[in-house]
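Open the viewer and keep the sequence panel beside it. At each stop, select what is named and look.

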Amino acid sequence: MTKLLAALLVPAAFALVLGACDADKLGKLRPGVTTADEVRNIMGRPDLEWRDPDGSRVWEYPRTPEGIVNYMVVIGPNNVLREVQQVLTEDNFRQVVPGMSKDEVRRLLGRPAHQRFFPMKGETVWDWKTKTEPGMDWFFNVHFNQDGLVSRTSTNFEPRG
C-alpha cells in the first residue's frame, strides 16, 4: 500500500512543484515591458528558437514529459516580450492535420513527451501528456508516415503505478 501511495503522490508532487515554479517565473514576465535578456534570465535558455519573417523570435520552453503544458514565448523585433502562449490546447490539437511535417507540428505544439517508432506499421508516433487523473495519464498522439508527414491523430490513456 505504501508503494502504491508513493507511486501516485510522487508524480503529483513533482507536477505541483514544476507548476509552482512556472507560475512564479511567468508572473515576472510582462508583455511589452520585459526584454529578451530578462526573459532568458527568468526562464532559462529555450529548447528551440524559430525566427519569423517580421524579425520576431519564438522560444520554446517545453515541460514534457511530466508536465501537461509547453510554452512558446514570442520576442518581438524590438527585442521585447510580445506574448507567452501555452500551446498544448484543444484548439492547437485540432490544427494538426494530415500532410503536416514534423517541423510544423513541433512549431505548433512544442517538444513531445515521447517519440516512438513502430517498424511493423512504418510509422513514428509523437505524444504529449494532456491530462493527469488519479492512476492515469491522458495523451494526444500524432502519427507520422514514412515520409515524416502526419497521417492521423489519436488519444489514449496509460495507467500509472
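## The whole chain

Of the 161 residues in the chain, 37% are buried. Buried means under 20% relative accessible area, exposed over 50%, and partly exposed in between (1.4 Å probe, protein chains only). This is a predicted model, in which local features need pLDDT of at least 70 and side-chain atom pairs count only at pLDDT 80 or more, while totals for chains, interfaces and linings use all residues. Residues are numbered from 1 along each chain as its sequence is written, and side-chain values use heavy atoms, with hydrogens and water left out.

Switch to cartoon view. The chain has four helices and eight strands. Helices (H or I, at least four residues) and strands (E, at least two) are DSSP runs, numbered from the N terminus. Follow the sequence and you read α-α-β-β-β-β-α-α-β-β-β-β.

## Stop 1: an open sheet

Select β1, β2, β3 and β4. These four strands form an open sheet in that order, with antiparallel pairing. Two strands pair if DSSP finds at least two bridges between them. The edges are β1 (48-51) and β4 (81-86), and each pairs on one side only. On average, neighbouring strands of this sheet are turned by 20° against each other, direction ignored. Axes here are lines fitted to C-alpha atoms, for helices over the stretch in contact, and angles run from 0 to 180 degrees between N-to-C directions.

Now pick β3 (residues 70-75). How many bridges join β3 to β4? There are five, and the two strands run antiparallel.

## Stop 2

Helix α2 lies across β2 (57-62), β3 and β4, and runs at about 5° to β2. Helix α4 lies across β1, β2 and β3, at about 90° to β3.

## Stop 3

Show side chains on α2. Which of its residues are buried? Ala36, Val39 and Met43 are. Look down the axis of α2: the buried residues fall within an arc of 55°, so they line one face of the helix. That arc is taken from the directions from the helix axis to the C-beta atoms.

The face away from the buried side carries the exposed residues Asp37 and Asn41. Last, step just past α2 to Gly44, which takes a positive phi of about 90°.

Key. Contact = heavy atoms within 4.5 Å.
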